[in-house]
Amino acid sequence: MSELEHDAVMQDDPFAHLTLERAISLRWTLRDIMANRTKFLPTADADLQLLIEMGLAEMHDGEPSLTSSGIAAIE
């Protein structure tokens, strides 16, 4: 796969570099954040930090929220 093809895959799927299990878990975490379930189902600190580093989530007033990229990743 060329570097250009790799970049296109990464844009389409930000989880492409992760294992299938990890990608599924992070997608569910994004869905939990989107549905405001994090008060009942706390997000693992490592998962939240990774999503923030990937630009898929951010913190607002102490609560996680999705970025536009985070929303696109689960649509």
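Leaving aside its neighbours within four places in sequence, with which residues is Thr-38 in contact?

Author: The model is a predicted one, in which local features need pLDDT of at least 70 and side-chain atom pairs count only at pLDDT 80 or more, while totals for chains, interfaces and linings use all residues. Residues are numbered from 1 along each chain as its sequence is written, and side-chain values use heavy atoms, with hydrogens and water left out.

Apart from its neighbours within four places in sequence, Thr-38 is in contact with Asp-32, Ile-33, Thr-43, Glu-63 and Pro-64; contact here means heavy atoms within 4.5 Å. Thr-38 belongs to the loop between α2 and α3. Helices are DSSP runs of H or I with at least four residues, strands are runs of E with at least two, and both are numbered from the N terminus. With a relative accessibility of 13%, Thr-38 counts as buried. The term buried denotes under 20% relative accessible area, exposed denotes over 50%, and partly exposed lies in between (1.4 Å probe, protein chains only).

Asn-36 is found in the loop between α2 (20–34) and α3 (45–53). Asn-36 is exposed, its relative accessible area being 55%. Its phi is near 60°, a positive value in a residue other than glycine. Asp-61 likewise is not a glycine and has a positive phi, of about 50°. Asp-61 lies in the loop between β1 (57–60) and β2 (63–66), and its relative accessibility of 83% makes it exposed.

One of the contacts of Thr-38, Asp-32, also takes part in a salt bridge with Arg-37, in which the closest N and O atoms are 2.9 Å apart. A salt bridge requires a side-chain nitrogen of Lys or Arg within 4 Å of a carboxyl oxygen of Asp or Glu. Side chains of opposite charge can pair when their charged atoms come close. Asp-32 counts as buried at 16% relative accessibility, whereas Arg-37 is partly exposed at 31%.

The structure holds three salt bridges. Another of them joins Asp-47 to Arg-22, with 2.5 Å between the closest N and O atoms. This pair links distant parts of the chain, since Asp-47 is in helix α3 and Arg-22 in helix α2, 25 residues apart. Asp-47 is buried, with a relative accessibility of 12%, and Arg-22 is partly exposed, with 28%. A further salt bridge is formed by the side chains of Asp-13 and Arg-27 (2.8 Å, N to O). Asp-13 lies in the loop between α1 (3–12) and α2, and Arg-27 in helix α2, so the pair ties together parts that are 14 residues apart in sequence. Both partners are partly exposed: Asp-13 has a relative accessible area of 25%, and Arg-27 has one of 21%.

Two packed helices are described by the angle between their axes and the distance between the axes. For α2 and α3 the angle is about 85° and the axes are 11 Å apart. The axes are lines fitted to C-alpha atoms, for helices over the stretch in contact, and angles run from 0 to 180 degrees between N-to-C directions. The helix α2 is therefore roughly perpendicular to α3; angles of 65 to 115 degrees count as roughly perpendicular, those under 35 as roughly parallel, those over 145 as roughly antiparallel, and the rest as oblique.

On the α2 side the contact comprises Arg-22, Ser-25, Leu-26, Thr-29, Leu-30 and Ile-33, which meet Ala-46, Asp-47, Leu-48, Leu-50 and Leu-51 in α3. These residues divide into seven nonpolar, two polar and two charged. Ala, Val, Leu, Ile, Met, Phe, Trp, Tyr, Cys and Pro count as nonpolar, Asp, Glu, Lys and Arg as charged, and the others, Gly among them, as polar.

Leu-26 of helix α2 is buried, with a relative accessibility of 0%. Not counting residues up to four places away in sequence, Leu-26 touches Phe-15, Leu-18, Asp-47, Leu-50 and Leu-51. Leu-26 and Leu-51 are separated by 25 residues in sequence and by 7.7 Å in space, C-alpha to C-alpha.

As for the chain as a whole, its elements run α-α-α-β-β-α from the N terminus, and 28% of its 75 residues count as buried.
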